[in-house]
Amino acid sequence: MNNLYNIAKDLFSTNKVDLIIGYKSIDSRRTKPIFVSSNEDVDHLVFNEYSLNNLSVYLTRKDIKKYNKIGILAKGCDIRAIVQLINENQIEREKILIISKKCNGVVKDFGLEYNEENIAEKCKSCKVRTPKVFDLMIDSEEEKKLPEPTISSRVNELDSMTPEERFEFWRNEFSKCIRCYACRQACPLCYCERCIVDKNIPDWIESSPTQRANFSWNLIRAFHLSGRCIGCGECERVCPVDIPLSLLNAKMGIVAFKEFNYATGMEIGEPTLVGNYSNEDNEDFIK
Amino acid sequence: MYRIKKQDFSKIIDELIKTGNRIISYSNNGNDFKRINSSNELSINSNFKPSKLSLKEIVFPKTEPLFYYKRTNDNVELKDIKFDSEKTIIIGAKPCDAKAFSTISKVFNWDYKDNFFNSKYENTIIIGLKCDYKDEYCFCNEVGLSQSSKEGSDIFIELDGDDYFIYILSEKGKNLLQPFMSYLIEEIKESKVDDIDNIIDLNKVRTWITDNFDNNFWYSISQECLGCGKCAFICPTCHCFDIVDENYTYFEGRRMKNWDACQFGKFTLHASGHNPRDIQAKRYRQRIAHKFKYYFDKFDELLCTGCGRCSRECPVSINIFDVIKEINAK
Amino acid sequence: MYTIGYYPGCSLTGSAKEFDKSLRKICDLLGIKLVEIEDWNCCGATSAHATNHLLSVSLPLLNIKKAYKQGITKILAPCAACYNRLVTAQYELTKNNLVKKELSEFLENDYNSIKVINIIEFFQEIIKEGILDKKVVSLKGLKVACYYGCLLLRPKEIIDFDDSEQPSSMEEIIKITDATPVDWNYKIECCGASHSIAHKDIVVDLIGKILGDAQKHSADIMVVACPMCHSNLDMRQLELRKNEGYKSIPIIYLTELIGLSLGLSPEELGINLHFIESRSVFEKYFSKVEVQL
Amino acid sequence: METNINFEPKIIAFVCNWCTYTGADLAGTSRLKYAHNVRIIKLPCTGRIDPLFIIKAFEKGADGVLVSGCHPGDCHYTSGNFHARRRWILFNQLLNFAGIDNRRVHFSWVSASEGRKWVDVINEVIETVRKARPFVGYSKMNKEYVYNE
Amino acid sequence: MKIGVFVCHCGENIGKTVDCPRAAQESAKIPGVVISVDNKYTCSDPGQNMIKNAIKEYNLDGVVVASCSPHMHEKTFRKAVASVGMNPYMCEIANIREQCSWVHDDVEEATKKAIDLIRIAVEKVKRNFALTPIKVPVTKRALVIGGGISGIQSALDIANAGYEVVLVEKEPSIGGHMSQLSETFPTLDCSQCILTPRMVEVYQHPKIKLLTYSEVEKVEGFIGNFKVTIKKKPRYVDETKCTGCGLCTQKCPIKKAPNEFEQGMIKRTAIYVPFPQAVPNIPVIDNTVCTYFRTGKCQMCVKVCGKEAIDFNQKERFVVEEVGAIIVATGYSLYKIDKKPKDSPIKGYGEYGYGIYPDVIDGLQFERLASASGPTAGEIKRPSDKKEPKKVVFIQCVGSRDESKGFSYCSKICCMYTAKHAMLYKHKVHDGEAYVFYMDIRSGGKMYEEFVRRAIEEDDVKYIRGRVSRIYEDGGKYIVKGEDTIAGIPVEIDADMVVLATAIVAQNDSKKLAQTIGIPYDKYGFLNEVHPKLRPVESSTAGVYLAGACQAPRDIPESVAMASAAASKALVLFGSDMLEREPTIAKVNESTCAGCFYCQKVCAYNAIEKKEIKDRNGNFVKYVAYVNPGLCQGCGTCNATCPSKSVELIGYTDEQIFAEINALATL
């Protein structure tokens, strides 16, 4: 039977992996990332509706890259990140062994109980709850119906405002930003060796958490993730001042789909959105 | 100590607001704090959990200008900052937050007197509140505090039915309440010291840290750390800052003092490209060592008040208390 | 039990009853469950796409949506026109310029996951599945001209289950009845169905060519898979019959031919409802039926 | 803060060297007149134009930004403008979503022979920006920087 | 930094609307500016001298000239500063004429703008680098890919100019399609007669190294310095020994292999020479049919060969050639219109029954039928029964100008060769009828239209304007159903033979070749020129040129013209020993590059390569992008695309542009 325990044990005993990046539970409603490198710790591994973190963020880290074959627990959404990382030459498919399961959503944040209203927003609109790309599947219950997503309606809400209102909205949200960069650090696709905000010659994005610098930072970040964000929502979850970053990402996701019929991280080898072009790209906004 | 009716206390607050003081109180179930314009906005609740951000930004803002400059072809003229004298009164600070102010004031005053900090700190009056909140992240009693410890507060409140018990603990506090003594009823109440059984031996922790600078333990506990600055930025005692210049017109600019965090990879990056704390483990070690050893060695104070914010908010659920416990268990 | 969604469309409930009848009979016999789409509506074939592009796409999509709600994953649309509209609509759905605007309501679910198949694909499938194997009557010696018509195979960028100019799939299917498909030239020529009422003269001329060529290549009967072709070729042949010495040729639905080979009687299959009678052609096979039954 | 409709907006234009810059030169050599509010920054190719420039332009007090280059297919570097176009599609909508709408951010193709078009584009841009009034939102944030005792 | 600013009045041109003295005074306030002056004509000798003197006097690091457009005088002033030892790239122009004084009237505003423009230039020049042009050595040797008429022409031109040429042909013989043609329009002279001498000339030319039956495998390097790996397929015949006596080909027992040269209309032997005039005249063994290769027996050829030239053990061989320029002349192939595989985007013409009806043939097959050296020795006989067809229908635009079934482009030569075919047919079958179905007749070219008129008027070829909907067989005849759009009626012709003018398409492996060389191609697989008007024979990869039908459908004269043009481009390159390239190219910051290779995706010149970074102990650290200075053209798209700005365009660095924007900063 394919429970997590057996799979992991087997992987180690047959030397199919040198490391498994997984979750271990702290208490009934909390888990944290764990790095299992041998049979002993296998029994710590859990994979449940409290497995919030998108572990693929670790795959691009130097100390992790050292391993030859890495097993990783990944939900459908996390796998999109892995696929995108592969498509961006950050990791090699052969080196990664994806252990996944059918997913019925995770909770918004640690400490909450898994139930209808605590399910994370991203899960409600998730199209890959049964993942398309993976190596091993652990036994998991079938998909059940989740509550209707609200994110797109929130996006429409903003779209329906006047530009001035929108600007004020974001100015207020961004002015809260304290530049702890938790959003960046938690993002699996923010793997740059030196983030643009850390580049000081020239000082494209001022490092002071002033309103305008925060505005620039959050915009550029959203732009750098356009067509790359896979909507795992970690940035918003980890934000200490609750800036609705998912709104930005969702908007750009919608744009990518409407303009280019493009969804990120769905298949390995698909051409990236930025970096390619089509003669038919829409240009009715250009004079 | 004194007893005072809640409504009388409110009267005092309104009075203070009228006389142009900046009153800070909690909002949104204690998650945030804000300036209030009337005592109705006042919310004094001993069951609040520590706010998401700590109170430190009142005396140590996330960003503040140090001076302004104007450069022309042949010279540069500087313009200094004038500090405003507005009084700030914080109402209902938790013991763990109240203590933090006095703790960091040490580092801002040990050789160079940082007036940017002092000007604010001196004008800040902290009214502490006995805390009745505890969760798996709190450990104030392990760092020499308790839910009713009054360190750092100028005035301290305890709830008692429709009344407050009020302790006046400092000159600042005394002067503040001077005009309102009429509202206060003197009362003797032997304040019982809440019994604390510590499980952590801080000396042991310190010596272990000293002896195990290169211990693999640092790597093992910080492996999942993402290296974001969240813990430091929300910490009431973390006080690192960065200084940058930025110009706003072609000729004019200003020098800024911004929060910084030792968890950032670039924090210790030298111009040469060398980075003494090149991996997260070393940065995490720095965080622990600074809080529980270095700062103590220098000021014999811990740089931690056990508020548990960093653990509560950590994206990957690293619990600093667990770490200390582990060290303690070695 | 093999189950499949079923979209009859207007013809099969009217002018082409026998198509529907014979299909249902076969399915009963082979234990195939047809799940009719509840409250199905017009496919918009007749005039919608001539009058309003959006309408011509949304009408069929509405049917697919209904099927989706019913949990149907595959739809059989026997009528060539219906089939054509349904698959075309799905194709349109993939063109995001249209999607972006009017059709957004059809994006909430993956309606293109539903496969729409025509009667030929249907038989290909049940033969592959081994469901259609018990042949009772051998139609050996029966020369059949397979007529595809215009709707079944075009447009080729949307429909590609067979070569649109040199099709052969129907021939393959009727082989299981032991009948002999003839090689002829008018397999896909227009029969003029849409002019059947308004411009009889054109139609008669056109079907004259078609039937003529079929007979020239010595076909006994013509098998069709489209209600319009059928009514047109069957009914309008009466006009040709007026000519001196014209030898008429029966027009049979693919389903009916298969039905016969499965031992069903012409009446059960509704062959007796056609204008051009075909008993003469089939007599010799029926006797065998009696023997074997 | 200025509110009257006839203020003089500040426009920063990022143009490619081969088409638009030359087109602007042509406007000059043909002695065509256009409003003075625009300042041109020359780049080799629209492909070089980074969203950061646009943001930075607003930070530095621009009321509107124009980005212009070779028509699709004419790019001196074969595909620079195609890549630029795709980037703009994304960034344009992102800016709009953030409240910096297309009254302030403008894009155009102006070839080396389109001196006249350049003039029309500039005047149009300036007019739309003027109608949109000074960029209060941004200047609010920028004003933070001035020191008032 | 010490910067000098020189504001030019350009007589009245600038002075009239810009207050130059004031502009100069204001500029003097800019940090870094040590001298700022205005004068009447800066481009004049006194003007230039003034700059030179200032450079010496104040020993300036950079110069800004506020004057006319850089496209006007940038070179002039850069030369000037260089003459006194300043690096030319330390001189910047502020364009205050074309983009200021000439387009504004308001002196106040124009002056303000001029000052801003000067400030921008100053800030830029402060951050300029002293650059020296990149020099790359040139290998004066050319590779020509494809031995058709275009390849032959290019090879001969370059060789006759005295440079070595390597000519690679994938077939056993050079000659290409032209060698298959019977006659050529509009002169009706025999194709072989004019081509064969050229083939021989190539073969005997001391400067030309001919590699037939070979294919380009790999191309490395860049302009002036290509390293090309060529695969020589085994002939199983030793070129050095074989005399081309042809005995082996007569004696070979296998005679059933389809003859490619004759378009499969007749058979050939297993060891064969593609056609009598083949160059080199050396046989090849087709190991797919040869008995020896199938059963290990026979060896008849070995027995009869006096020279012991047969060598069954030959293997693929790889030769590496170093060349400075590459000319691609791979030609075209013909659209095969029989049944298409399902996945093919092209839908084919099933209705014409090509591949089903033996007497429905394509243009090249007809060429062979009409050719005196062809299978019927020039008599027109239909393939099925070898009878002389009395009625032939020619159909144009089969696949051309037909988006739904073929390609949207016009194949260009079909109108002409169809007219030629019809004529040849009429000349050979006097009582025959020839019909041509056409959409339009496109006969632009010297004597072309006249040629078509001749076909219609003198040779009485019946032209029907319209398309054919269907062809089917009926008692040995082919019923061609079509429409006469001029008469507006359907027509049916019972033809004996049908000739389809099928579209010209790119070689099926052209995309693969393009990727090997690193040059772009269009959606049809035709190779792309860098500029359709001004640089029609250059690919976007420096040093790679295009000739003939590999770039688009071409007729013979055009192909030859292109070939010579491409040759001369190569010769221009060979004209100098060192190649000078603009130093404003992109550069990667390897320490911060994260290796996402978005830069590689957007680079139009394949200038970005993967580079391995190793630590001191030689352990692999990471892959980073590397910009090949030989290929980079300096567009900077990589720079804008790089999320971490780890690749920067020298001369337009982020720092410079930031400073330029900042120079305009106000509140």
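Conventions, quickly. Residues count from 1 along each chain as written, chains are lettered from A in the order written, and side-chain values use heavy atoms, without hydrogens or water. As the model is predicted, local features need pLDDT of at least 70 and side-chain atom pairs pLDDT 80 or more, while totals for chains, interfaces and linings use all residues.

Scores: ipTM 0.73, pTM 0.71.

Now the chains. Contact means heavy atoms within 4.5 Å. Chains B and C do not touch; their nearest C-alpha atoms are 33 Å apart.

Next, chain A. Helices are DSSP runs of H or I, at least four residues; strands are E, at least two; both are numbered from the N terminus. Axes are lines fitted to C-alpha atoms, for helices over the stretch in contact, with angles from 0 to 180 degrees between N-to-C directions. Helix 5 (151-160) and helix 10 (245-260) of chain A come within 10 Å and cross at roughly 90 degrees. Residues meeting there include A:Leu158 from helix 5 and A:Ile254 from helix 10.

Last, chain E. Strands pair if DSSP finds at least two bridges between them. Five strands form an open, parallel sheet, ordered 20-27-21-22-23. Strands 20 and 23 of chain E stand at the edges, each with a single partner, so one side of each lacks a neighbour in the sheet. Four bridges join strand 22 to strand 23 of chain E.
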